[in-house]
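Thanks for coming. I have one structure to go through today, so please look at the screen.

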Amino acid sequence: TGSQYSIRNRYSGQWTNGRRDGYGVFEYATGARYEGDWRNNKKNGRGKFVFQNGTIFEGDFNEDSMGEGRLIREPNEAQLRPSTPQASLMGDVRPGSRGGLVDVQTHNQFSLQIDDLIDDELSRDDELKQLHYAMLRSIGPLRKIYCGYSVLGLDGNRDNTFVLNRFQLWRMFKDWDFIEGRTTLSEIDRVIDRCVNSDEDNDVHSPDTPFLVRHFLHLLVYTAHHVFSNDHRNNPGNILASCLNRLLEDSDLPNPNKTKGTFFSCSKPRIARGLHYRQSCWKLYQTQTEHRKTIPHDKTMTMRKFLHILNDAQLINGNLTARLAVGVIAKDNPGADDGTDLNLDTEIVFLEFFEALMECATVAIQPPRRREKTPEVIPEAKPEVVVEPEPEPEP
């Protein structure tokens, strides 16, 4: 049987104006649980948080951040060890020294390098502590997401282990509803390039760039900060943890069993046929990209350029109009066309290009519909009109 990705949270408790307020219990899809006080949709006051691994924190909460309190039970290695080969790739983490994360299988510590995101050095340790608590609360769904999306389009390999690549990562972000209207995949690529320390010679938008687990966790922190930081600038406290909590808790997490878009949602045979053309399409994409005028001057493609490609390939025809082609892109990228404003300068990454090109080609090459012949209508014979001569007048 296939894995079930039940990654929704559940809250039961008091509400005020549609927001969690008062006493309530929040059950995470991971199995973690918080029970205690809420104010304005955030954990505030006294509460108890039970992590998925069994650790219990009991104490004060302030704006979703853990304050003074005590840890009642520490997790042990056996509780954290995953049970499947794919899950072992994700591993499990727990807080280490100086804000690091420890992989309990290898006992190796890796740090989240977020110095450029922390303005106040005095708050660094507390910022890291709250960030790691936020990460631990959702480590279960993140493991499922990583493992699930890392096998998209693949039938398996000999060692049954997979590494997430950018092509799959794009699909994950497209399935996540938090980026809509806030940023683009191209912009997220630039954010990721800053935090993962990729090779300078490597294409920032390459679909084949691999991301290990530590890269995946790292880029989520940077992406959350990029998207939500402006909303928290006026709120004192731990901005990084607040941004990550908003990313992980206030939006529906992506489900690799229910991918969207026009490609990965197809049948497996059709996906396999499509992937056969991926490399040739990537070469075409590379030849048609242009350097941006602003730093970092990476090469990207706009929707306007995509329409020129379709027109040059004579795919704009009676079946596929330019307006219909724009609609194909906008189905999975509402920012390109919201029904009133059309932005042809919207950047599209290779996944968006690939999916749109396949659907547009399918529409364009469809044979024209046969028009049914309208039966000839024979007009009814009009009755002959006989005009009688007028009678001659009498003499």
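This is a predicted model: local features need pLDDT of at least 70, side-chain atom pairs count only at pLDDT 80 or more; totals for chains, interfaces and linings use all residues.

The protein has 395 residues, and 46% of them are buried. Its secondary structure consists of 13 helices and 14 strands. If we take contacts between residues at least 6 apart in sequence, 54% join residues at least 24 apart.

Now the inside. As background, nonpolar side chains in soluble globular proteins tend to be buried together. Here the largest nonpolar core has 76 residues. Which of them touch the most other members? They are Phe173, Phe216 and Phe306. Helix α7, residues 213-232, gives the most to this core, namely ten residues. There is also a second, separate core of 13 residues, and Tyr11, Tyr34, Phe49 and Phe61 are among them.

Let us stay with Phe306 for a moment. What is Phe306 in contact with, once neighbours within four places in sequence are left aside? The list is Met301, Ile329, Ile348, Phe353, Ala356, Leu357 and Cys360.

Last, the sheet. This is an open sheet of three strands in the order β12-β13-β14, and the pairing is antiparallel. At the edges are β12, residues 290-291, and β14, residues 347-348, each pairing on one side only. β12 pairs with β13, residues 299-302, over two bridges. In that pairing, Glu290 stands opposite Thr300 of β13.

That is where I will stop.

Terms used: Residues are numbered from 1 along each chain as its sequence is written. Side-chain values use heavy atoms; hydrogens and water are left out. Two strands pair if DSSP finds at least two bridges between them. Helices (H or I, at least four residues) and strands (E, at least two) are DSSP runs, numbered from the N terminus. A nonpolar core is a set of buried Ala, Val, Leu, Ile, Met, Phe, Trp, Tyr and Cys residues joined through side-chain atoms within 4.5 Å. Buried means under 20% relative accessible area, exposed over 50%, partly exposed in between (1.4 Å probe, protein chains only). Contact means heavy atoms within 4.5 Å.
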